[in-house]
Amino acid sequence: MKKTIKLIDLDCGHCAAKIESAVKKIDGVTNVSVNFMNQKMVLEAPDDKFASILTEAKALIKKIEPDVTVKV
């Protein structure tokens, strides 16, 4: 499954890179790319694990950048 997730208030390229590298390390993620200019993250993972991976990614993003709001 591939889904585009909005990252509201993502305000720097460095923050986007930190989020991208952290989410890539989540077990089961097949691909992820964070576009700081569009404030979007494209997340790819197997359908059967997608919901739990997304939950883990949201928690990780909150930990790295508390001001960023994740909107699916």
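**Note on the strand pairing, helix packing and core**

1. Isoleucine 8 has threonine 69 in strand 4 as its bridge partner. Helices (H or I, at least four residues) and strands (E, at least two) are DSSP runs, numbered from the N terminus, and two strands pair if DSSP finds at least two bridges between them. The model is predicted: local features need pLDDT of at least 70 and side-chain atom pairs count only at pLDDT 80 or more, while totals for chains, interfaces and linings use all residues. Residues are numbered from 1 along each chain as its sequence is written, and side-chain values use heavy atoms, with hydrogens and water left out.

2. Strand 1 pairs on two sides. With strand 4 (residues 69-71) the pairing is antiparallel, over 3 bridges, and lysine 6 stands opposite lysine 71 there. Strand 1 (residues 2-8) is also joined to strand 3 (residues 40-44) by 5 bridges, again antiparallel. Within strand 3, lysine 40 is the bridge partner of lysine 6, and glutamate 44 is that of lysine 2.

3. Strand 2 is joined to strand 3 by 5 bridges, and the two run antiparallel. Asparagine 35 has lysine 40 of strand 3 as its bridge partner. The hairpin of these strands has 4 residues between them, and glutamine 39 takes a positive phi near 55 degrees in it. Glutamine 39 is not a glycine. At 22% relative accessibility it counts as partly exposed; the cut-offs are under 20% relative accessible area for buried, over 50% for exposed, and partly exposed in between (1.4 Å probe, protein chains only).

4. What is the order of the strands in the sheet? The sheet is open, with 4 strands in the order 2-3-1-4 and antiparallel pairing. Strand 2 (31-35) and strand 4 stand at the edges with a single partner strand each, so one side of each has no neighbour in the sheet. On average, neighbouring strands are turned by 20 degrees against each other, direction ignored. Axes here are lines fitted to C-alpha atoms, for helices over the stretch in contact, and angles run from 0 to 180 degrees between N-to-C directions.

5. Both helices pack on this sheet. Helix 1 (residues 13-24) touches strand 2 and strand 3, and its direction makes about 170 degrees with that of strand 2; contact means heavy atoms within 4.5 Å. Helix 2 (residues 50-64) touches strand 1, strand 3 and strand 4, at about 145 degrees to the direction of strand 3.

6. The axes of the two helices come within 10 Å and cross at roughly 145 degrees. In this contact, Lys18, Ile19, Ala22 and Val23 of helix 1 meet Ala57, Leu60, Ile61 and Ile64 of helix 2. By class, the contact has 7 nonpolar, no polar and 1 charged residues. The classes are as follows: Ala, Val, Leu, Ile, Met, Phe, Trp, Tyr, Cys and Pro count as nonpolar, Asp, Glu, Lys and Arg as charged, and the others, Gly among them, as polar.

7. Methionine 41 has a relative accessible area of 1%. Leaving aside neighbours within four places in sequence, its contacts include Leu7, Ile19, Val23, Val34 and Ile61.

8. The largest nonpolar core has 21 residues, of which Leu7, Leu10, Val23, Met41, Leu43 and Ile61 touch the most other members. Strand 1, helix 1, strand 2, strand 3 and helix 2 are the elements that give two or more residues to this core. Helix 2 gives the most, with 5 residues. Such a core is a set of buried Ala, Val, Leu, Ile, Met, Phe, Trp, Tyr and Cys residues joined through side-chain atoms within 4.5 Å.

9. Aspartate 9 has a positive phi of about 70 degrees although it is not a glycine. Aspartate 9 lies in the loop between strand 1 and helix 1 and is partly exposed, with a relative accessible area of 45%.
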